[in-house]
Amino acid sequence: MFENLSDRLTSVFTNLRSKGRLSEADINATAREIRVALLEADVALPVVKEFISRIKERARGAEVSQALNPAQQVVKIVNDELIAILGGETRRIRFAKTAPTVIMLAGLQGAGKTTLAGKLARWLKEEGHTPLLVACDLQRPNAVQQLQVMGERAGVAVYAPEPGNGVGDPVRVAQSSIAEAKRAQHDVVIIDTAGRLGVDAEMMQQAVDIRRATEPEEVLFVVDAMVGQDAVNTAQAFMDGVGFDGVVLTKLDGDARGGAALSVREITGKPIMFASTGEKLEDFDLFHPDRMAGRILDMGDILTLIEQAQRTFDEEQTARMAGKLASGEDFTLEDFLDQMMMIRKMGPIGNLLGMLPGMGQMRQQVNQIDDKDLDRVAAIIRSMTPAERAEPKMINGSRRARIAKGSGVSVGEVSSLVTRFFQAQKMMKAMAGGMGIPGMPGTRRKAAKQVKSKKGKQRSGDPRKRALGPAAKGEPEQQQQEPGGLPPAFGGGLPGQLPPGFQLPDLGDLGKKR
């Protein structure tokens, strides 16, 4: 959603970094470019004015004029102000001292309240709570049935005493759900309320009545991030009519300009608490202003990437793999498949790469990456016998033809996979050997050999010969290590050059069909 804004701001800062000192004209030009970028992203005009005013005030201050790198200071100021405009710090749910904690969802029809109720319930369940979903949207056709389906998918109980479709009293259902939660020992109650296509008095009154009847700890306003400026107007209307404690943004995976996300919090003064980034139940998490600001400025979101990995990766399996590598055992195709499937569970590869710093400049190549390529690799490995996965060297021509036929690919693709796997296996063995790093397995043995080989060498008495080194003795120049380069155990070569197998991947190749 923020791709266009991110591209514009990245371009502004690229031009800024080429300047040693910033003049008043440079600051004004930068502020003007940022203003245009924000307005094009559909950020509300009052928010843009206040944002630019704060940036210009700080950019003219001592923190920039006395900085060694003024351009970097301006980037830091913009990052700080973006974090502030998005809420400053992560706001978490306030839980009641005495269970159950009541959370009420409010918003217009089509914003995604019912789906979000299921996502929130699933998230709370993973946090160790026992939520109860309450169907109080008795107006929209099949809204009750939709919530029941979401509850079943999330593995959460649903309280729906009324059939809906215009039948039943939502206030009475909400009130009786508290007693049901206490009886069944649910510590959180999530109330899904009715919406309308637009703000009207009947919807507002119903929401007010439910709030009075249940006295929720949190009233969350659910807003569709793709609506644009209208989202700000709706949020203000709900704030005045019902009141709410936090905002939940849905459909952040869309291609709209995303200005609502930067405007709602500033206009209403209420924090953005959660964000929904996809259609799946797991595409939902706390909203972190600092991480979102980092994504917008193409600084990446490594913390979210790490958290996703921790949730997805099996600790026992990861520990077993680490022990296997440390002991020097062979890295098999079965291990490769396990690791690939764990990464696949984390989500689309393009999304994962997008969390890395600087990936905004490679967005076109990242967007070309097709997750089906990983599925094709998995199909090839699964078409092999257990013996072939454990010992790929036995895969001859006839076996490759059989594997290709079983996985629906060409023989060339099977051969390419096996070849690349052998390269990866060599790299794993090098890692298991320690590669000359103190404390890593295999280091002591190599160090002992090096010490032994040094014994008995004669030291020349001529200082000129000692200065020339091996070249004076006629030894090949290739054996000399380049100054500042990597040690021989890392591959040697030019200064800073990585050995074969350790280079960064060419992302452009990932999207190409073989």
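**Basis.** I worked from a predicted model, in which local features need pLDDT of at least 70, side-chain atom pairs count only at pLDDT 80 or more, and totals for chains, interfaces and linings use all residues. Residues are numbered from 1 along each chain as its sequence is written, and side-chain values use heavy atoms, with hydrogens and water left out.

**The sheet.** I looked up the strand order and found an open sheet of eight strands, β3-β2-β4-β1-β5-β6-β7-β8, with mixed pairing. I noted β3 (157–159) and β8 (284–286) as the edge strands, each pairing on one side only. From one strand to the next, the twist averages 25 degrees.

**Strand β5.** I then examined β5 (residues 218–224), which runs parallel to β6 (residues 246–250) and is joined to β6 by five bridges. Valine 222 has valine 248 as its bridge partner in β6, and phenylalanine 221 has valine 247. β5 also pairs with β1 in the parallel sense, over four bridges; methionine 104 stands opposite valine 219 in β5. I recorded seven of the seven β5 residues as buried, that is, under 20% relative accessible area with a 1.4 Å probe and protein chains only. Glu218, Leu220, Val222 and Asp224 point one way, and Val219, Phe221 and Val223 the other.

**Helices on the sheet.** I found α7 (residues 143–154) lying across β2 (131–136), β3 and β4 (188–193), at about 165 degrees to β2. Helix α8 (residues 170–184) lies across β1 (101–106), β2, β3 and β4, also at about 165 degrees to β2. Angles run from 0 to 180 degrees between N-to-C directions, with axes fitted to C-alpha atoms, for helices over the stretch in contact; contact means heavy atoms within 4.5 Å.

**Leucine 262.** I located leucine 262 in α11 (residues 259–268). Leucine 262 counts as buried because its relative accessibility is 2%. Its C-alpha atom is separated by 6.0 Å from that of leucine 86, 176 residues apart along the chain.

**Helices α15 and α18.** I checked α15 (residues 333–345) against α18 (residues 372–382): their axes come within 10 Å and cross at roughly 150 degrees. The two helices are therefore roughly antiparallel, a term for angles over 145 degrees. Among the α15 residues meeting α18 are Phe336, Met340 and Arg344, and the α18 residues include Leu374, Asp375 and Ile381. By class, I recorded nine nonpolar, no polar and three charged residues in this contact.

Note on methods: Angles under 35 degrees count as roughly parallel, over 145 as roughly antiparallel, 65 to 115 as roughly perpendicular and the rest as oblique. Ala, Val, Leu, Ile, Met, Phe, Trp, Tyr, Cys and Pro count as nonpolar, Asp, Glu, Lys and Arg as charged, and the others, Gly among them, as polar. Two strands pair if DSSP finds at least two bridges between them. Buried means under 20% relative accessible area, exposed over 50%, partly exposed in between (1.4 Å probe, protein chains only).
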